[in-house]
Amino acid sequence: MSEKNFKVLHLEDDTGHAKLIRALLNDARFTHFEVTPAQTLREALDLLKKNEFDIILCDLGLSDSHGLPTLHKLMTVASHLPIVALTGTFDSSLGIDAMQVGAEDYLIKDQVNAEALERSLCYSIERKRLELLKNDFVNIVSHELRTPLTVIREAIFLMKEDLTDIMKPEQKDIMAVPVRNIERLNRVLNDLLDISKLEVGKTNLQKESVNMVSIAQDAIALFARKAHERRLNLKLACTLSKVEIQADKDKVTQILTNLISNAMKFTDSGSVEVILEDAPKYLTCRVSDTGQGIAQDDLPKIFRKFQQ
């Protein structure tokens, strides 16, 4: 078996622990690790700008940064690199939190050995590589499909305009079917791209001062005709005419329209209500409906990708 070679950026401000980790990496059986040390987050960020690495091995208790903010700053600069977090004996919960925000793995310093360290770094590098390949594939497929879908959609619209005077009502209904399906597929492609960007940390929030009442009113207006056709009472519940918040307008609008769309999809009769409640430190926005609701057993699944 040929020996693998990986470059490791190791963040650790405790000299003793730094020497221990280097010794364990030197004892790796199948992999050669070239280790570059950094004692502070600031030093690590400078090294990342000037050098190429395969993985980051990071203590979450540095002198100039502690806990999850350390990870966030590293991922901002090097979202393409896998990160393995190192925690103290009593900080294992911090390691789990680190994985939830983007770390590939975590290790407890006093319990790590050469075999476990080698396996964790190698597996993390491979997982990240496969994740990036998957995201590249999603991006390529999404972009390649978008252009022909747009062409087909425009061709159907032109055909409908040219033939609208001679088509029977049932023929118009048939022509509307492919348009609806193209629009649905476009939404799926947009969701794929959004998820892909989120997973690699490339989603940038453009925060600005926005009126949440106006955003809610605009979102409701998008579904007004559909609500009227289905005899649903779609309304906004808010006593204020203006509620200013700092947010990315496009992202908030997207979230709200998705919630309203889902609520209407599963509500056969009654109402769908957007509720805004202003508090001193935050704004609560809820979408409530009289539909079938979500089964108790399905609640843990609602934030999984593509879960219905």
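Which residue caps the N-terminal end of H7? Asn211 does so, with a side-chain oxygen that lies 3.1 Å from the backbone nitrogen of Val213. A polar contact is a pair of N or O atoms within 3.5 Å; within protein, one atom must be able to donate a hydrogen and the other to accept it, and residues adjacent in sequence count only if both atoms are side-chain atoms.

The model is predicted, so that local features need pLDDT of at least 70 and side-chain atom pairs count only at pLDDT 80 or more, while totals for chains, interfaces and linings use all residues. Residues are numbered from 1 along each chain as its sequence is written, and side-chain values use heavy atoms, with hydrogens and water left out.

Helices (H or I, at least four residues) and strands (E, at least two) are DSSP runs, numbered from the N terminus, and two strands pair if DSSP finds at least two bridges between them. Five strands form an open sheet with parallel pairing, in the order E2-E1-E3-E4-E5. E2 and strand E5 (105–108) are the edge strands, each pairing on one side only, and the twist from one strand to the next averages 25°. Within this sheet, E1 and E3 pair in the parallel sense over four bridges, and the bridge partner of Leu11 in E3 is Cys58.

Helix H2 packs on the sheet, touching E1, E2 and E3, and its direction makes about 125° with that of E2. Contact here means heavy atoms within 4.5 Å, and axes are lines fitted to C-alpha atoms, for helices over the stretch in contact, with angles running from 0 to 180 degrees between N-to-C directions. Residues are called buried under 20% relative accessible area, exposed over 50%, and partly exposed in between (1.4 Å probe, protein chains only). In H2 (residues 41–50), Leu41, Ala44, Leu45, Leu47 and Leu48 are buried. They cover an arc of only 160° around the axis, which puts them on the same side of H2; the arc is that of the directions from the helix axis to the C-beta atoms. The cover over the buried residues of H2 includes E1, E2, strand E3 (55–59) and helix H3 (68–77), whereas the face turned away from the buried side carries the exposed residues Arg42, Lys49 and Lys50.

The structure holds one aromatic pair, formed by Phe6 and Phe33, which is tilted, with 6.4 Å centre to centre and 35° between the planes. Rings of Phe, Tyr and Trp (its six-membered ring) pair if their centres lie within 6.5 Å, and planes under 30 degrees apart count as stacked, over 60 as edge-to-face and the rest as tilted. The pair links distant parts of the chain, since Phe6 is in strand E1 (residues 4–11) and Phe33 in strand E2 (residues 31–38), 27 residues apart.

The table gives the accessibility of selected residues.

| Residue | Relative accessible area | Class |
|---|---|---|
| Phe6 | 15% | buried |
| Phe33 | 5% | buried |
| Ser120 | 5% | buried |
| Arg231 | 76% | exposed |

Ser120 lies in helix H5 (residues 114–163), and its side chain makes a polar contact of 2.8 Å with the side chain of Asp105. Residues up to four places away in sequence not being counted, Ser120 touches Val84, Asp105 and Leu107.

Strand E9 (residues 270–278) and E10 run antiparallel and are joined by seven bridges, and the bridge partner of Leu276 in E10 is Cys285.

In H7, Met212, Val213, Ile215, Ala216, Ala219 and Ile220 are buried, and they cover an arc of only 160° around the axis, which puts them on the same side of H7. The face turned away from the buried side of H7 carries the exposed residues Ala221 and Leu222.

Arg231 is found in the loop between helix H8 (224–229) and E7. Its phi is near 60°, a positive value in a residue other than glycine.
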